[in-house]
Amino acid sequence: MPNLKKKYEIKAKDFIRAGEGAIQTQSTLKSIGFEPDIVRRASICAYESEMNVVMHGGDGTLSLTVDGTWIIIEVRDNGPGIEDIDLALKEGYSTASTEYREMGFGAGMGLPNIKKNADSFEIHSGEGKGTYLKMAFRVSENGE
Amino acid sequence: MKLSEIRDVLEGSVLVGEDKLDVEVTGGAASDLMSDLLRNPKEGALLLTGLTSIQVIRTSVIAGIGAVVFVRGKHPDPDMVAQARGHGLPLLSTPLNMYSSCGRLYNKGLKSIR
């Protein structure tokens with residue numbers, strides 16, 4: 001598998017462009033030729049975390065690294081941070097505004113879904129410190 | 001079920017994907033909650049929704065949705081249509097509401113994705 005690194009900017013509250021980084025990530029992974037299952041899981045994680053930054057975070061970045069046997073997606077933002085990470089990982093817990101709920105998001109399913117889909121998942125956050133997410137996906141030897 | 005049959009059953013119209021009327025969808029899902037689709041994605045499924053935001057298109061592409069039907073006569077804006085076209089995602093519109101649309105398709109044999 002080729003090694004590569006790509007980075008996309010995420011703008012807070014920019015719902016018109018929200019998700020473009022994840023779409024680009026999906027098309028990059030598809031064009032490299034990874035199996036559909038790993039592409040789907042990585043794309044869903046990229047998209048969920050990008051939407052989280054748009055809804056809750058400040059500005060941020062989404063980066064994709066393909067490194068040997070791993071696909072790594074890192075998302076960081078300079079937003080308000082998460083006060084209680086355990087609570088944020090609970091299904092159904094959400095601090096999203098009505099505006100975002102009306103757009104089909106903010107049901108408190110983003111972070112739990114990321115955790116479910118990633119082979120390895122790290123989150124670092126704190127009040128006033130922004131949020132950093134690292135999601136990794138193991139590529140098996142036959143590219144699956 | 002083929003897209004052409006879905007169009008006929010729902011008395012709807014095809015907005016994007018006239019060249020894909022023979023494509024078969026793998027099952028049906030109905031939701032205005034995009035998070036639901038990301039949680040249980042099924043490659044090639046039909047999505048029925050009353051939501052017309054650009055995120056419907058992006059969520060569908062990420063989740064591998066095969067085609068989208070907008071219910072209650074809703075129409076996506078030109079930007080959504082253009083993006084769907086770019087991704088090869090068929091879009092349909094029906095004057096029927098969500099409940100009737102799902103009922104008709106289910107009766108004709110299109111099962112839920114779960």
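In this predicted model, the contact between the two chains draws 19 residues from chain A and 16 residues from chain B. On the side of chain B that touches chain A, α2 and α3 of chain B each supply at least two residues. The largest share of that side is five residues, and α3(B) provides it. Sorted by class, the side of chain B that touches chain A holds eight nonpolar residues, alongside four polar and four charged ones.

The buried set runs through I54(B), Q55(B), V56(B), I57(B), R58(B), T59(B), S60(B), V61(B), I62(B) and A63(B). Both chains take part in the covering: it includes α1 (20–32) and α2 of chain A, and, from chain B, α2 (34–39), β3 (46–49), β4 (67–70) and α4 (78–87). After α3(B) comes G64(B), with a positive phi near 75 degrees.

Turning to chain A, helix α2 (residues 36–56) packs with helix α5 (residues 110–117) of chain A at an angle of about 155 degrees, and their axes lie 9 Å apart. Because angles over 145 degrees count as roughly antiparallel, α2(A) is described as roughly antiparallel to α5(A). The crossing of these two helices, α2(A) and α5(A), is left-handed.

How values were computed: Residues numbered from 1 in each chain as written. Chains lettered and ligands numbered in written order. Predicted model: local features only at pLDDT ≥ 70, side-chain atom pairs only at ≥ 80, totals over all residues. Axes fitted to C-alpha atoms, helices over the stretch in contact; angles between N-to-C directions. Helix = DSSP H or I, 4+ residues; strand = E, 2+ residues; numbered from the N terminus. Parallel < 35°, antiparallel > 145°, perpendicular 65-115°, else oblique. Left-handed = near helix turned anticlockwise from the far one by under 90°. Buried ≥ 20, exposed ≤ 12 C-beta atoms within 10 Å, placed from the backbone. Contact = placed C-beta atoms within 7 Å. Nonpolar A, V, L, I, M, F, W, Y, C, P; charged D, E, K, R; others polar.
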